[in-house]
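Try each task before you read its solution.

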Amino acid sequence: MDEQNGKKTDKLGLEEIVKLANKIGLEYVAAKREAEYLDLMKSPIKAKIALRIDDGSLSETKLKRLTDSDPEYLEYLVKLSDAKQNAEKLRIRYESYKNLFDARRSLLSYQKEEMKLL
């Protein structure tokens, strides 16, 4: 059993699942926005580093290699990777709650129909 917020998921009602899915969904949207922003900033970050490094005597190839291996840029890439990982984890949690909701709703429907037959 997966535990979220101190409750076992097999004990959660539909309303609680919806609340959790909504909460995780909003966290996912924020994390995805952050990852997309960092991805968009990749070129400007590289350009800023290139401007700092370039003394006018470097070839474009050498400047690119120095920029790509600069500690600031490497740190930025780790931050971007972490942001994408966080967004994916939240997406998976959100999808899991959606699937749990659908399964629980189907089970309740089945149980209601079964009660009508008795």
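**Exercise 1. Two sides of a helix**

Task: Find which exposed residues α2 carries on the face turned away from its buried side.

Solution: 
- Step 1. Opposite its buried side, α2 carries the exposed residues Ser43 and Leu51. This is a predicted model.
- Step 2. List the other side. Ile45, Ile49 and Ala50 are the buried residues of α2.
- Step 3. Ask what lies over them. The cover on the buried residues of α2 includes α3 (60-68) and α4.

**Exercise 2. The span of α2**

Task: Compare the reach of α2 with the span expected at 1.5 Å a residue.

Solution: 
- Step 1. Helix α2 covers residues 42-53, twelve residues in total.
- Step 2. The expected span is 16 Å.
- Step 3. From first C-alpha to last, α2 reaches 17 Å, which is close to that value.

**Exercise 3. Where α2 meets α3**

Task: Describe how the axes of α2 and α3 cross, and name residues that meet.

Solution: 
- Step 1. Take the axes. Those of α2 and α3 come within 9 Å. They cross at roughly 115°.
- Step 2. The crossing of α2 and α3 is right-handed.
- Step 3. Name the partners. From α2 come Lys46, Ile49, Ala50 and Ile53. They meet Leu63, Lys64, Leu66, Thr67 and Asp68 of α3.

**Exercise 4. A ring pair**

Task: Decide whether the rings of tyrosine 73 and tyrosine 76 are stacked or edge-to-face.

Solution: 
- Step 1. Know what to look for. A pair of aromatic rings is described by the distance of the centres and the angle of the planes.
- Step 2. Apply the distance cut-off. Ring centres must lie within 6.5 Å to pair. The count comes to one aromatic pair.
- Step 3. Check the angle. The centres of tyrosine 73 and tyrosine 76 are 6.3 Å apart and the planes lie at 20°, so the pair is stacked.
- Step 4. Buried means under 20% relative accessible area. Tyrosine 73 has 5%, so it is buried. Tyrosine 76 has 9%, so it is buried too.

**Exercise 5. Leucine 26**

Task: Is leucine 26 buried or exposed?

Solution: 
- Step 1. Locate leucine 26 in helix α1 (residues 14-40).
- Step 2. Its relative accessibility is 54%, so leucine 26 counts as exposed.

Key
Residues numbered from 1 in each chain as written. Predicted model: local features only at pLDDT ≥ 70, side-chain atom pairs only at ≥ 80, totals over all residues. Heavy atoms only, no water. Phe/Tyr/Trp six-rings, centres within 6.5 Å; stacked < 30°, edge-to-face > 60°. Buried < 20%, exposed > 50% of the residue type's maximum accessible area, 1.4 Å probe, protein only. Helix = DSSP H or I, 4+ residues; strand = E, 2+ residues; numbered from the N terminus. Expected span 1.5 Å × (residues − 1). Contact = heavy atoms within 4.5 Å. Axes fitted to C-alpha atoms, helices over the stretch in contact; angles between N-to-C directions. Left-handed = near helix turned anticlockwise from the far one by under 90°.
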